[in-house]
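Hi,

Here is the structure I said I would pass on.

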Amino acid sequence: MSKPAIPVFDLDSPIEPGDILAACGEVGCFNIRGGSITPQKTQALLAQMDAFFSLADDDPEKQACHRDRNHGANGWTPSMEEPAYEANTIAWVESFDCVLANERLAQVPEHLRCGVRPSIWPRIGGFRDTVRDHWDAMIETAAAVFPLISQILGQESGFLASKASSQVLNTMRLLNYPPNPAPADGVNQGISAHTDFECITLIHQTAPGLEVKSPQGNWIRAPVEAGQWTVLIGEMVEHWSNGQVRATPHRVPPTAWPRKSIVMFLAADPGVQVGPLAAFVDNDHPPGYATVTQDKVIREAMARAEANRAAMADKIASLKRQISPG
Ligand SMILES: [Fe+2]
């Protein structure tokens with residue numbers, strides 16, 4: 001039997017929440033097109049990503065926004081230095097990460113900033129403005145998806161917007177996967193299997209590689225289509241639904257071809273308590289999830305991933321020497 005395809009919904013036409021719920025049950029996620037993220041905006045962003053990622057790793061512009069050299073500020077993470085979601089794995093991906101615009105982040109009271117560090121930008125003409133423009137388009141598109149997620153949670157259409165609109169804990173990731181010449185031995189990954197910590201994730205890829213796991217346990221390749229975005233369900237939705245709508249496991253196995261992806265994590269607001277909603281709890285379905293906050297979930301998961309990376313430090317150094325013996 002062939003694996004089911006990921007259904008595509010057009011944001012510029014009416015969408016039945018029941019169809020979204022069915023997609024989540026069958027393949028674990030869904031795709032969207034239309035809305036505010038035009039293919040032209042994405043093409044402009046991909047061109048800027050090319051300009052940044054084609055710089056040598058020792059280029060001053062990359063080094064100036066190196067995450068580890070700026071105490072964890074958002075910026076550049078070199079290949080193989082990505083925190084590893086699964087123990088004993090190495091991620092062959094470099095990234096540029098950014099958060100809410102620095103001037104807006106500075107206006108957030110410190111106790112609601114949850115330790116989020118500002119973004120550090122490379123001095124590449126148009127880079128910052130293009131990324132910020134795409135961020136805004138992704139926020140607008142997410143706002144069009146939020147009512148659908150609210151409805152599959154049995155809530156009024158404004159529910160998710162009321163819980164997840166501050167953008168303080170959102171992260172946008174620009175990912176560059178170089179061709180992976182390392183042996184496909186289970187250690188070397190694009191990104192190892194995991195679920196995302198937030199409410200939903202929007203993700204677009206330029207070449208095959210992303211795989212999602214259906215609730216039935218099938219790994220399904222996400223399509224590569226200009227203007228299409230995969231919507232992954234995040235862990236907060238799983239908590240709210242008491243496990244009825246599951247977070248989407250996904251991974252990127254090693255690929256012999258280059259690829260890029262653009263990702264936005266849409267997070268619950270600082271301080272929002274996320275636990276099973278009354279609509280999903282009864283005598284037959286007692287609460288199966290703790291009530292948590294988004295910032296605590298992210299902080300604890302990233303600490304585990306950082307520990308996994310630290311445990312692989314010697315192996316990473318050895319691999320880097322093999323690739324660049326000089
Ligand atoms: Fe992810």
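Below is what turned up, going from the whole chain down to single residues.

One thing before the details: this is a predicted model, so please read everything here as computed from it.

Overall picture. The chain has 10 helices and 14 strands. Its radius of gyration is 19 Å, close to the 20 Å from the globule rule for 326 residues, so the chain is as compact as a globular protein of that length. If you want a box for it, the C-alpha atoms fill roughly 65 × 50 × 40 Å along the principal axes. Buried residues come to 40% of the 326 in the chain. Of the contacts with a separation of 6 or more, 74% are between residues 24 or more positions apart.

The sheet. There is an open sheet of 8 strands with mixed pairing, in the order E1-E2-E12-E9-E14-E6-E5-E3. E1 (8-10) and E3 (76-77) are the edge strands; each has a single partner, so one side of each is left without a neighbour in the sheet.

You can follow Leu202 both ways: its bridge partner in E12 is Val231, while Met264 stands opposite it in E14. Next along, Ile203 has Thr230 as its bridge partner in E12.

How enclosed is E9 by the rest of the structure? Largely so, because 6 of its 6 residues are buried. In a regular strand, side chains alternate between the two faces of the sheet. Here both faces of E9 are covered, with Ile200, Leu202 and His204 buried on one side and Thr201, Ile203 and Gln205 buried on the other.

Helix H6. This one takes in residues 127-152, which is 26 residues, and it reaches 37 Å from first C-alpha to last, close to the 38 Å expected. There is a kink of about 30° at Val145, shortly before Pro147. Val145 is also one of the buried residues of H6, along with others including Phe127, His134, Met138, Phe146 and Ile149. Just after the helix, Gly154 takes a positive phi of about 75°.

The core. The largest nonpolar core has 76 residues, and the members touching the most others are Cys29, Ile149, Cys199, Ile200, Val231 and Val237. H6 gives the most to this core, with 9 residues. Cys29 is worth a click: leaving aside neighbours within four places in sequence, it is in contact with Ile6, Cys24, Val212, Thr230, Val231, Leu232, Ile233 and Thr248.

Pro258 lies between strands E13 (250-252) and E14 (259-266). Pro258 and Gln189 are 69 residues apart in sequence and 14 Å apart in space, C-alpha to C-alpha.

Cheers

Notes. Residues are numbered from 1 along each chain as its sequence is written. This is a predicted model: local features need pLDDT of at least 70, side-chain atom pairs count only at pLDDT 80 or more; totals for chains, interfaces and linings use all residues. Helices (H or I, at least four residues) and strands (E, at least two) are DSSP runs, numbered from the N terminus. The expected span of a helix is 1.5 Å times one less than its number of residues. The bend at a residue is the angle between axes fitted to the seven residues ending there and the seven starting there. A residue is buried if 20 or more other C-beta atoms lie within 10 Å of its own, exposed if 12 or fewer, and partly exposed in between; C-beta atoms are placed from the backbone. A nonpolar core is a set of buried Ala, Val, Leu, Ile, Met, Phe, Trp, Tyr and Cys residues joined through C-beta atoms within 7 Å. Two residues are in contact if their C-beta atoms, placed from the backbone, lie within 7 Å. The radius of gyration is taken over C-alpha atoms; the globule rule is 2.2 Å times the number of residues to the power 0.38. Two strands pair if DSSP finds at least two bridges between them.
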